[in-house]
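Here is a short report for a first look at this protein. The sequence and the model come first, and a walk through selected residues follows.

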Amino acid sequence: MVKGEALVTRMLEDLEATRSETGCLQSHIHRDRSDPDLIVIYEVWRSIAALKSHFGEAYVQRFVADAGEYEPGDMETQWLEMLSPYASGRDPR
């Protein structure tokens, strides 16, 4: 099994748990069409506090501990600020 495929399988196991967290507004897993080992997780959280709480969840801690099995280096994280408004009727406030 390709490293990327194993990583996607592992992440999909936790997807519903992430989506069920109170502060999670969106959570999506993407794969690059030309590089199957390039995986991008896109999430939107109600607040920084909700995201910090997510990182404290036992299943997230297990994923972080297991991540070296799938990714030999550190996973890159980018912290983005959403500048556009939410779609009509979907504002989390």
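Asp 14 is found in helix H1. Helices (H or I, at least four residues) and strands (E, at least two) are DSSP runs, numbered from the N terminus. The model is a predicted one: local features need pLDDT of at least 70, side-chain atom pairs count only at pLDDT 80 or more, and totals for chains, interfaces and linings use all residues. Residues are numbered from 1 along each chain as its sequence is written, and side-chain values use heavy atoms, with hydrogens and water left out.

Is Asp 14 buried or exposed? Asp 14 is buried, because its relative accessible area is 14%. Buried means under 20% relative accessible area, exposed means over 50%, and partly exposed lies in between (1.4 Å probe, protein chains only). Leaving aside neighbours within four places in sequence, Asp 14 is in contact with Tyr 59 and Phe 63. Contact means heavy atoms within 4.5 Å.

Helix H1 covers residues 3–20 and packs against H3 at an angle of about 165°, with the axes 11 Å apart. Axes are lines fitted to C-alpha atoms, for helices over the stretch in contact, and angles run from 0 to 180 degrees between N-to-C directions. H1 and H3 are therefore roughly antiparallel to each other. The cut-offs are under 35 degrees for roughly parallel, over 145 for roughly antiparallel, 65 to 115 for roughly perpendicular, and oblique for the rest.

**The whole protein**

How many helices and strands does the protein have? The secondary structure comes to three helices and two strands. Along the sequence, the pattern is α-β-β-α-α. Buried residues make up 26% of the 93 residues. Among contacts between residues at least 6 apart in sequence, 51% join residues at least 24 apart.

**An aromatic pair**

Rings of Phe, Tyr and Trp (its six-membered ring) pair if their centres lie within 6.5 Å; planes under 30 degrees apart count as stacked, over 60 as edge-to-face and the rest as tilted. By this rule the count is one aromatic pair. Phe 55 and Trp 79 form it, edge-to-face, at 6.2 Å centre to centre and with 80° between the planes. The pair links distant parts of the chain, 24 residues apart: Phe 55 is in helix H2 (residues 48–55), and Trp 79 is in the segment after helix H3 (58–66).

**Accessibility and two further residues**

| Residue | Relative accessibility | Class |
|---|---|---|
| Phe 55 | 38% | partly exposed |
| Trp 79 | 58% | exposed |
| Ser 53 | 42% | partly exposed |
| Tyr 42 | 36% | partly exposed |

Ser 53 sits in helix H2. Its C-alpha atom is separated by 9.3 Å from that of Glu 21, 32 residues apart along the chain.

Tyr 42 belongs to strand E2 (residues 39–45). Leaving aside neighbours within four places in sequence, Tyr 42 is in contact with Gln 26, Ser 27, His 28 and His 30.
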